[in-house]
Amino acid sequence: MEISALQKARAAYQPKLPQALKGPVVAVEGAPTQSVGNQEEIKAMFPNTYGMPVITFKAGEAKPLQPFNVGIILSGGQAPGGHNVISGLYDGVKSLNPNSKLYGFLMGPGGLVDHKYVEFTDEFIDSYRNTGGFDIIGSGRTKLEEVSQFESGIQILRKLDIKALVIIGGDDSNTNACVLAEYYAAKNYGVQVIGCPKTIDGDLKNEQIETSFGFDTACKTYSELIGNIQRDCNSARKYWHFIKLMGRSASHIALECALQTQPNACLISEEVEQKAMSLDDVVTYIAQIVADRAADGNNFGTILIPEGLIEFIPAIKKLIAELNDVLASPEAQNLGRSEQIDYVKSHIAQDNLAVFNSLPTSVARQLALDRDPHGNVQVSLIETEKLLSTMVAAKLDRWKKEGKYVGKFAAQHHFFGYEGRCAAPSNYDADYCYSLGYNASRLIANGKTGYMSVIKNTTKPAAEWIAGGVPITMMMNLERRNGKMKPVIRKALVELDGAPFKFFASARAGWAKNTSYIYPGPIQYWGPTEVCDQCTKTLALEQAK
């Protein structure tokens with residue numbers, strides 16, 4: 001297969017490892033843990049994997065290990081660095097015993113259920129090192145939650161003599177990993193399950209997980225594009241660019257890209273919710289920035305909009321919550337699409353009905369009908385950037401008639417999502433992901449199950465990174481999904497009292513008035529460390545580095 005010059009050069013890159021993983025390790029156990037919420041309920045649901053200690057690896061003595069086989073699954077949406085998790089796991093497993101084998105299940109969790117797999121070899125792995133995408137085995141969104149799926153999975157795991165299964169995914173996928181680990185432990189099937197934290201959205205993080213892999217690369221990719229647009233914007237000086245960024249449940253991507261590029265405005269969904277802003281409040285905020293810049297003769301600018309913004313506007317969030325419950329009923333699910341709209345209107349509260357009827361028809365239909373496999377509104381289908389620019393234009397027209405606005409307004413629209421999910425990983429993600437995979441092999445060798453592979457202290461040079469594992473149950477609570485309370489990993493939202501947001505809030509007024517654009521440029525793979533190996537600004541601010 002023909003490859004580019006960059007691919008050839010990147011194939012030779014050797015990811016850096018924490019010093020603690022460069023030889024034999026010993027697991028140091030911390031205190032017993034508990035879930036972040038609903039402790040008694042979660043403990044009752046996961047009696048075999050609840051309360052386990054946090055693990056930290058330190059240098060130890062070499063111990064001979066018998067060959068052991070491992071399976072791996074890529075689950076959910078793509079994120080840069082997934083191939084390096086697999087190559088790190090492969091190298092880690094082989095370093096423990098060269099006769100051990102690694103199998104990849106094809107197209108996500110469904111490959112486990114349907115017994116579709118491939119065995120990795122040196123040649124196979126080498127062609128995917130340091131590359132983006134999940135195309136090595138493909139990914140899928142099949143949810144592992146039925147006993148029949150677990151039992152089908154154990155059949156192929158036994159056939160291949162697989163000792164442990166590694167699931168690479170986000171919060172929902174790792175919740176499934178936890179459920180599977182508990183089931184296999186309860187049945188004494190002898191199969192370990194380990195998770196790896198993946199999502200470009202950045203919302204799988206906590207005190208133990210500093211960042212999810214892929215976030216760094218995706219934000220750098222989007223920031224390059226935003227910088228390019230800002231350069232064009234400052235050259236033509238006639239357009240307002242409304243840029244929607246991926247990130248359904250949290251605004252981490254929007255915030256990080258704002259820190260990297262300094263746009264004229266960036267909406268943070270969590271702040272919109274905290275301030276109980278209405279849709280009109282959001283529109284007025286943007287329109288005022290446009291008007292103020294126009295008064296200075298600047299009829300151009302850039303606005304960053306998180307993908308999930310509409311879900312955080314309190315009135316719409318309340319509407320969506322009731323829609324989820326109504327549409328989860330068997331009666332609603334047996335209706336046609338047009339019938340569902342009528343059903344919704346006749347089964348929601350009057351205040352929610354008023355909000356529903358106030359929305360543009362296209363947005364209302366998307367809120368009422370389109371759901372992802374987890375029962376969530378598919379907010380990426382809602383053209384929030386166009387909705388906001390249209391409403392801003394209408395408000396500015398009214399202000400012009402009232403003498404409050406003297407400029408010209410023309411909008412351009414962008415949605416950056418898929419552009420970043422399969423980008424070639426930055427040095428940070430290449431190193432981080434390889435370490436996560438290599439570390440997972442050590443968790444397996446130490447007999448752990450129900451753990452997530454974690455690498456910490458990543459604002460330091462890679463040699464100083466800390467390797468270990470955290471019980472997945474430690475991150476769980478109960479949330480309402482598809483009309484039922486279910487155990488899930490709690491999503492990490494932007495903390496409004498955190499250092500990254502506080503820095504942004506202190507600077508945004510100046511960015512709104514002035515043209516303070518920064519142009520990050522493309523990801524740099526070779527050159528000075530301060531250019532090539534830097535972590536996100538979010539992580540640096542969080543750790544005050």
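Start by selecting Lys-16, which is partly exposed at a relative accessible area of 32% (buried means under 20%, exposed over 50%, partly exposed in between, with a 1.4 Å probe and protein chains only). This is a predicted model, in which local features need pLDDT of at least 70 and side-chain atom pairs count only at pLDDT 80 or more, while totals for chains, interfaces and linings use all residues. Residues are numbered from 1 along each chain as its sequence is written, and side-chain values use heavy atoms, with hydrogens and water left out.

Lys-16 sits in the loop between helix H1 (5-11) and strand E1 (25-32) and Asp-431 in helix H20 (residues 427-445), so the pair ties together parts 415 residues apart in sequence. Helices (H or I, at least four residues) and strands (E, at least two) are DSSP runs, numbered from the N terminus. Asp-431 is buried, at 3% relative accessible area.

Now select Asp-533. A salt bridge joins Asp-533 to Lys-16, with the closest N and O atoms 3.8 Å apart. Asp-533 lies in the loop between helix H22 (529-532) and helix H23 (537-542), 517 residues from Lys-16. Asp-533 is partly exposed, at 27%.

Move on to Arg-480 and Asp-325, whose closest N and O atoms are 3.2 Å apart in a salt bridge. Arg-480 is in strand E14 (residues 476-481) and Asp-325 in helix H13 (residues 314-327), 155 residues apart. Arg-480 is partly exposed at 48%, and Asp-325 is partly exposed at 35%.

Finally, select Lys-16, Asp-431 and Asp-533 together: salt bridges with shared partners join them into one network. The model has 23 salt bridges by this rule.

How values were computed:
A salt bridge is a side-chain nitrogen of Lys or Arg within 4 Å of a carboxyl oxygen of Asp or Glu.
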